[in-house]
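Colleague: I have a model open and would like to know how its labels were reached. Please go through them with me.

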Amino acid sequence: GAHLKARLEADLHGNRSIIEVRGLGLMIGVEFASHEIAERVANLCYQRGLLVLECGKRALRLSPPLVITEAQADEASRVFVRACAEVSAGTAA
């Protein structure tokens, strides 16, 4: 959990669409500037095989299984961060 949260915090730093990365253990939430941005990121993640859950109006939750490996956490972070970057840049389909 600490590894995944640290990766997300580092890789999302500077993205103006992100308000906060928070969490405890493997339940990690990312709050966005608007519901629309969160929804677009969630849809893009889904299209790329990463399931995230809506958490409130402007946040998404990552809650992987307790048996996740560090490599799997890195891949989930990569997919999520790329989706955030594309939505923020307006390049997501």
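What follows is a set of questions about those labels, each answered from the values.

Colleague: What kind of model is this?

Modeller: It is a predicted model.

Colleague: How do you know that strand 2 and strand 4 are paired?

Modeller: Two strands pair if there are at least two bridges between them. Four bridges join strand 2, residues 27–32, to strand 4, residues 59–62, so the two count as paired, and they run antiparallel. Within this pairing, Gly29 has Arg61 of strand 4 as its bridge partner.

Colleague: And what makes strand 1 and strand 2 a pair?

Modeller: Six bridges join them, against a required two, so they are paired as well, again antiparallel. Gly23 stands opposite Ile28 in strand 2. The two strands form a hairpin with two residues between them, and Gly25 in the turn has a positive phi of about 65 degrees.

Colleague: In what order do the four strands lie in the sheet, and which strands stand at its edges?

Modeller: The order is 1-2-4-3, in an open sheet with antiparallel pairing. Strand 1 (18–24) and strand 3 (53–55) each have a single partner strand, so one side of each is left without a neighbour in the sheet, and these two stand at the edges. Neighbouring strands are turned by 30 degrees against each other on average, direction ignored.

Colleague: Why are Phe32 and Phe80 called a tilted aromatic pair?

Modeller: Ring centres must lie within 6.5 Å, and planes under 30 degrees apart would be stacked, over 60 edge-to-face. Here the centres are 6.3 Å apart and the planes 55 degrees, so the two rings pair and the pair is tilted. By this rule the count comes to one aromatic pair. Phe32 lies in strand 2 and Phe80 in helix 3 (residues 70–89), 48 residues apart. Both Phe32 and Phe80 are buried.

Colleague: Which residues have the most contacts inside the largest nonpolar core?

Modeller: That core has 26 residues, and those with the most contacts inside it are Leu8, Leu12, Phe32, Val41 and Phe80. Helix 3 supplies the largest share, eight residues. Leu8 touches Val21, Ile28, Leu62, Ser77, Phe80 and Val81, leaving aside residues up to four places away in sequence.

Colleague: Is Cys45 buried or exposed, and what makes Cys55 and Ala6 partly exposed?

Modeller: Buried means under 20% relative accessible area, and exposed means over 50%. Cys45 has 0%, so it is buried. Cys55 has 27%, which lies in between, so Cys55 is partly exposed. Ala6, in helix 1, has 41% and is therefore partly exposed too.

Notes. Residues are numbered from 1 along each chain as its sequence is written. This is a predicted model: local features need pLDDT of at least 70, side-chain atom pairs count only at pLDDT 80 or more; totals for chains, interfaces and linings use all residues. Side-chain values use heavy atoms; hydrogens and water are left out. Axes are lines fitted to C-alpha atoms, for helices over the stretch in contact, and angles run from 0 to 180 degrees between N-to-C directions. Rings of Phe, Tyr and Trp (its six-membered ring) pair if their centres lie within 6.5 Å; planes under 30 degrees apart count as stacked, over 60 as edge-to-face and the rest as tilted. Buried means under 20% relative accessible area, exposed over 50%, partly exposed in between (1.4 Å probe, protein chains only). A nonpolar core is a set of buried Ala, Val, Leu, Ile, Met, Phe, Trp, Tyr and Cys residues joined through side-chain atoms within 4.5 Å. Contact means heavy atoms within 4.5 Å.
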